[in-house]
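Have a look at the model first, then read on.

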Amino acid sequence: MEKIVVFTGAGVSAESGLKTFRDMGGLWGEYAIEDVASPAGWKRNPAVVLDFYNERRKAVLAARPNAAHEAIARLEEQFDVVVVTQNVDDLHERAGSSKIIHVHGEILKARSSIDASLVHVLDKPTIELGELCGKGSQLRPDIVWFGENVRHMDECAEHFAEASRVITIGTSLTVYPAAGLVEKAPWRAEKYLVSPEPQEIPYGFKFLRGAAATVVPHVVKCWLEGRKPV
Ligand code: OAD
């Protein structure tokens with residue numbers, strides 16, 4: 001089966017009502033990265049960090065997958081699909097995709113702040129100050145902060161290198177090393193980038209301008225019908 005890598009960022013979930021980071025009205029306009037998404041911020045004021053992710057988690061739980069997530073799941077009818085996502089939400093899972101790699105962690109999981117291998121799925125929307133892991137340290141969101149190791153990079157690089165088609169959706173491609181994965185795609189692969197705003201397009205990618213929930217179902221329909229989307 002032909003392999004497709006779908007590489008997603010916050011923009012794929014925008015039409016599900018989840019804020020992106022760097023657009024107008026995005027999260028990094030409202031909050032300082034160093035306060036809420038860094039080990040130093042956590043050390044300084046864990047309550048602020050927990051509050052930030054508790055809010056995000058509630059928004060994720062209230063959101064539903066949109067037409068883009070659903071179309072991506074349909075690709076599995078004919079292709080070997082790997083979804084590599086920078087998103088911490090579970091909308092690809094709920095839409096039905098079966099192979100999803102979260103390189104920046106998952107908001108519905110908590111982990112120990114002293115042992116990264118102690119991870120569990122949360123059974124409630126919040127993590128509170130004073131909630132401890134089995135080893136007695138404060139629980140934190142299982143999310144990769146700036147300065148921490150991005151996950152599964154070698155495995156993702158292999159998937160990109162084996163892909164005959166790659167579609168990148170809703171990411172500014174500004175956060176490395178994740179953004180660098182697009183460079184692992186073979187030169188002969190069919191490659192697209194979907195975004196409503198003009199942005200720098202990686203070499204060899206074609207720009208499909210528009211919102212994910214409109215453009216992605218079109219691309220998927222074409223691919224399932226054996227046509228090129230443009
Ligand atoms: P950004 O906020 O940097 O970029 C979002 C992208 O989505 C932009 O290119 C938008 O133009 C595009 N976009 C907005 N609405 C869209 C829509 N309806 N359809 C398609 N595209 C749309 O988000 P990311 O690139 O995901 O990391 O950010 C990367 C990382 O930075 C995140 O994973 C997060 C953040 O800091 C961590 O928290 C570790």
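## Ground rules

Helices (H or I, at least four residues) and strands (E, at least two) are DSSP runs, numbered from the N terminus. Residue numbers start from 1 along each chain as its sequence is written. Keep in mind that this is a predicted model, where local features need pLDDT of at least 70, side-chain atom pairs count only at pLDDT 80 or more, and totals for chains, interfaces and linings use all residues; side-chain values use heavy atoms, with hydrogens and water left out.

## Two loop residues

Asp-90 sits in the loop between β2 (80-85) and α6 (91-95). At 17% relative accessible area, Asp-90 is buried (under 20% is buried, over 50% exposed and anything in between partly exposed, with a 1.4 Å probe and protein chains only). The Asp-90 side chain also makes a polar contact with the side chain of Arg-94, at 2.9 Å. A polar contact here is a pair of N or O atoms within 3.5 Å; within protein, one must be able to donate a hydrogen and the other to accept it, and residues adjacent in sequence count only if both atoms are side-chain atoms.

Leu-18 is another loop residue, placed between β1 (3-8) and α1 (27-30). Leu-18 is buried too, with 11% relative accessibility. From Leu-18 to Pro-229 is 211 residues in sequence and 27 Å in space, C-alpha to C-alpha.

## Around the ligand

What surrounds the ligand? There are 24 residues around it, and Phe-21, Arg-22, His-104, Thr-171 and Ser-172 come nearest (a residue is near if one of its heavy atoms lies within 4 Å). By class, the shell has 10 nonpolar, 10 polar and four charged residues. For that tally, Ala, Val, Leu, Ile, Met, Phe, Trp, Tyr, Cys and Pro are nonpolar, Asp, Glu, Lys and Arg are charged, and the others, Gly among them, are polar. Domain 1 (1-17 + 65-104 + 150-230) and domain 2 (19-62 + 107-143) each supply at least three shell residues, with bounds from an automatic or database domain assignment.

Gly-170 brings a polar backbone atom to 3.2 Å from an oxygen of the ligand. On its own the ligand has 800 Å² of accessible area, and the protein covers 93% of it (Shrake-Rupley method, 1.4 Å probe; for residues, only the protein chains shown count as cover).
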